[in-house]
Amino acid sequence: MKPASQKGKEIVSNVPPRFCVDCKSVIYEAESETCPVCGKSLSNVLTQSEVSLCSKDAHNRDIDGYNRSQNALCFIVIGTICLAIGIFFVFLALQKKFNKIVGVNFLSLQFFVACIGIGAGLTCIIIGGINLYKAIKKRKSAQRDILVLGNLKEKPSK
Ligand SMILES: [Zn+2]
């Protein structure tokens, strides 16, 4: 038996990640004995069917993350188009007097369209950006779980 003082970072990192069968979470913290997500106690040994179940869930999360990232990209594209239209209408709203630009006509329809376009465009881009960030994070964690579960699947067959 190794003394407790030797349980440094190197040893902790060698502890394989564990899985919560109840909520399909992968737990990378070596210290926790219970699932930090649902509170159920964790077992170190998983049956092959439990591994498959966790793996299936991880794949579903990966697909969901992919769909969400595509959806977020849609928002960004639509937002960019709205923003471009808005900026274009700012130029249309410019007022000329004696062939010189004297400013923006704030009471014109063009300026109204510009405001709507820029507002909607920025909103879509911000929403899309936040959703894209979340989706990428979700996919990364799912892919890490898939990798870990894949290694686990191969071992018992030897
Ligand atoms: Zn759990």
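This is a predicted model: local features need pLDDT of at least 70, side-chain atom pairs count only at pLDDT 80 or more; totals for chains, interfaces and linings use all residues.
## Helix H2

Cys54 and Ala58 are among the buried residues of H2, and the others in that helix are Asp57, Gly65, Ala72, Gly79, Cys82 and Phe89. The end C-alpha atoms of H2 are 66 Å apart, which agrees with the span of 66 Å that its 45 residues should have at 1.5 Å a residue.

## The hairpin of S3 and S4

Strand S3 (residues 94–97) and strand S4 (residues 100–104) run antiparallel and are joined by 4 bridges. Within this pairing, glutamine 95 has glycine 103 of S4 as its bridge partner. The hairpin has 2 residues between the strands, and phenylalanine 98 takes a positive phi there, near 50 degrees.

## From S4 to helix H3

The loop between S4 and helix H3 (109–154) contains serine 108. Is serine 108 buried, exposed or partly exposed? Because 15 other C-beta atoms lie within 10 Å, serine 108 counts as partly exposed, given that a residue is buried at 20 or more such atoms and exposed at 12 or fewer. Although serine 108 and leucine 94 are 14 residues apart along the chain, their C-alpha atoms are separated by 9.5 Å.

Definitions and conventions: Residues are numbered from 1 along each chain as its sequence is written. Two strands pair if DSSP finds at least two bridges between them. The expected span of a helix is 1.5 Å times one less than its number of residues.
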